[in-house]
Amino acid sequence: MKTDWEGGYFPLTLHFSEDYRSKPPKCKFPQGFFLPNVYPSGIVCLSILNEDSGWRPAITVMQVFIGIQDLLDQPNPADPAQTDGYHLFIQDPTEYKRRVRLQAKQYPALV
């Protein structure tokens with residue numbers, strides 16, 4: 001399936017605390033990563049990573065990856081984490097897609 005993200009290699013860091021399983025990992029893209037559900041710091045905003053409401057110890061790392069992958073193609077406008085990405089996604093989808101393709105070029109796939 002071709003997406004606007006195609007061709008990019010997007011570094012994602014997962015930090016597991018000593019309380020992992022009772023607390024979710026912290027997932028982070030590089031600072032300034034363009035996606036409505038990523039804070040300017042790079043921290044991913046995803047319900048299953050929310051320690052207070054969505055996290056369950058049974059959630060696997062694979063499920064975390066799938067959730068983040070889903071956010072790339074289907075951002076959640078009900079839970080925005082950055083203003084620019086959110087506004088473009090809602091108000092100017094063409095420009096949003098252009099910015100996504102531009103970002104994919106900023107992080108070329110490893111050969």
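Where does Pro57 lie? Pro57 sits in the loop that runs between strand 2 (26-28) and helix 1, with helices (H or I, at least four residues) and strands (E, at least two) taken as DSSP runs numbered from the N terminus. The model is a predicted one, with local features needing pLDDT of at least 70, side-chain atom pairs counted only at pLDDT 80 or more, and totals for chains, interfaces and linings using all residues. Residue numbers start from 1 along each chain as its sequence is written, and side-chain values rest on heavy atoms, leaving out hydrogens and water.

Pro57 is partly exposed, at 47% relative accessible area; buried means under 20%, exposed over 50%, and partly exposed in between (1.4 Å probe, protein chains only). Between the C-alpha atoms of Pro57 and Leu102, which are 45 residues apart along the chain, there are 36 Å.

Now for the inside. Leaving aside residues up to four places away in sequence, Phe33 is in contact (heavy atoms within 4.5 Å) with Trp5, Phe10, Val38, Leu72, Gln82, Gln103 and Tyr107.

As for helix 3, its buried residues are Tyr96, Val100, Gln103 and Ala104. They cover an arc of only 105° around the axis, so they fall on the same side of helix 3; the arc is that of the directions from the helix axis to the C-beta atoms. Their cover includes helix 1 and helix 2 (83-91), while Thr94, Lys105 and Gln106 are exposed on the other side of helix 3.
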